[in-house]
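This report describes a predicted model.

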Amino acid sequence: MIPLKTFVSERRAANLLRQIRWRDGVYCPRCRAESAIRYGSYRVFQRYRCKNCDRTFNDQTGTVFEHSAVELRKWFLAVYTYIRFNTSLRQLDVEIDVSYKTVYRRVQRFLRALDAPQPQLEGPVEIDELYVKAGLKGRERDGRSRSRGLSTRGRGSYEQDKLPVFILADRGTGNRYVIPAKAADESTIRLLLADRKEESLTVYTDGFRAYEPLDEDDAFDREYVVHGDGEYADGDVHVNTCESHGSLARSWLSPHRGVSKDKLTPYLRAFQLRRRVYRKPGKEALKTILKTAL
């Protein structure tokens, strides 16, 4: 159920922020000392003073929500609907009655605060890749304007404006990871598979040639299917989980109307967060979303 009470009450939103922000105890954002005492209030937020550096701060200080005249409850609604329902930024500026520029900057700040995925692979692991057409937009462009179609066919790279995005599905843990890369080559693949619990990792791939060097490495037991020969599954050997997850990633990017390649990484981190809260009830989902950025 959507946590409506939090979205209509600024005090409830402030209490939730305090609960999540200081879940491990109050500390000074400047010197990290835990010698803070209550020191009045700032609007609906608790204010503190650090006895170590004499700095004052409140519950918002040092978070992605500080220095904003917009009510906290509106930002909670924005990040919740953005992650949970993949609401576009244009729609958000209508829903919370805040200008598009303001919404864009705050959501981008939220996305930059999300942690990078850190695979801890148990195996067996499926690995596959998809390619996202993503160039430079607006003032990011350093050359002449060109067609937004970005018509490069087949596989590509960062320089070709067609970024490879690797999908890893760890069958041992059930975790799935979506990680963009500069190029789909052997060194990138080895780096993605480096953090594993077992010395020899079973890896399921398709017939892409960049995976072939894994056959000669004792650290990997590679099995594969060749889609070009009409082979998509051979018992447990397939990459169907990756392909399904990749299709969800494409659907996630679709409403945002052409993400710049330099901002693709935080958008995909938001997608992974969305999958984490997919089956969670509303209040628990909101807490999880906020914890990732605080």
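## The sheet

Two strands are counted as paired if DSSP finds at least two bridges between them. In general, strands of a sheet pair through backbone hydrogen bonds, either parallel or antiparallel. In this predicted model, three strands make up an open sheet with the order β1-β2-β3, and their pairing is antiparallel. The edge positions are held by β1 (36–42) and β3 (56–58); each has a single partner strand, so one side of each lacks a neighbour in the sheet. From one strand to the next, the twist averages 35°.

Strand β2 (residues 45–50) is joined to β1 by five bridges, and the two run antiparallel. Within β2, Y48 is the residue that stands opposite R38. Helix α2 (residues 10–21) packs on the sheet, where it touches β2 and β3. The direction of α2 makes about 40° with that of β2.

In soluble globular proteins, nonpolar side chains tend to be buried together. The largest nonpolar core of this model has 54 residues, and the members that touch the most others are F76, Y82, I83 and F110. Helix α3 (residues 72–85) supplies the largest share of this core, with eight residues. At least three residues of the core come from each of two domains: domain 1 (4–113 + 282–292) and domain 2 (125–139 + 152–259).

Which residues does Y82 touch, leaving aside those up to four places away in sequence? They are T87, L89, L92, V107, L111, W252, H256, Y267 and A270. Another core, of 21 residues, lies apart from the largest one; I127, I179, A184 and L192 are among its members.

## The cysteines

A disulfide is a covalent bond between the sulfur atoms of two cysteines. How many disulfides does a search of the whole structure find? The search finds zero.

Two cysteines may be considered individually. For C31, the closest cysteine sulfur is that of C50, at 3.6 Å, which is too far for a bond, because a disulfide requires the two sulfur atoms to be within 2.5 Å. C53 is likewise in no disulfide, and the nearest cysteine sulfur, that of C28, is 3.6 Å away. Are these residues buried, partly exposed or exposed? C31 is partly exposed, with a relative accessible area of 27%. C53 is also partly exposed, and its relative accessible area is 26%.

Terms used
Residues are numbered from 1 along each chain as its sequence is written. This is a predicted model: local features need pLDDT of at least 70, side-chain atom pairs count only at pLDDT 80 or more; totals for chains, interfaces and linings use all residues. Side-chain values use heavy atoms; hydrogens and water are left out. Buried means under 20% relative accessible area, exposed over 50%, partly exposed in between (1.4 Å probe, protein chains only). A nonpolar core is a set of buried Ala, Val, Leu, Ile, Met, Phe, Trp, Tyr and Cys residues joined through side-chain atoms within 4.5 Å. Helices (H or I, at least four residues) and strands (E, at least two) are DSSP runs, numbered from the N terminus. Domain bounds come from an automatic or database domain assignment. Contact means heavy atoms within 4.5 Å. Axes are lines fitted to C-alpha atoms, for helices over the stretch in contact, and angles run from 0 to 180 degrees between N-to-C directions.
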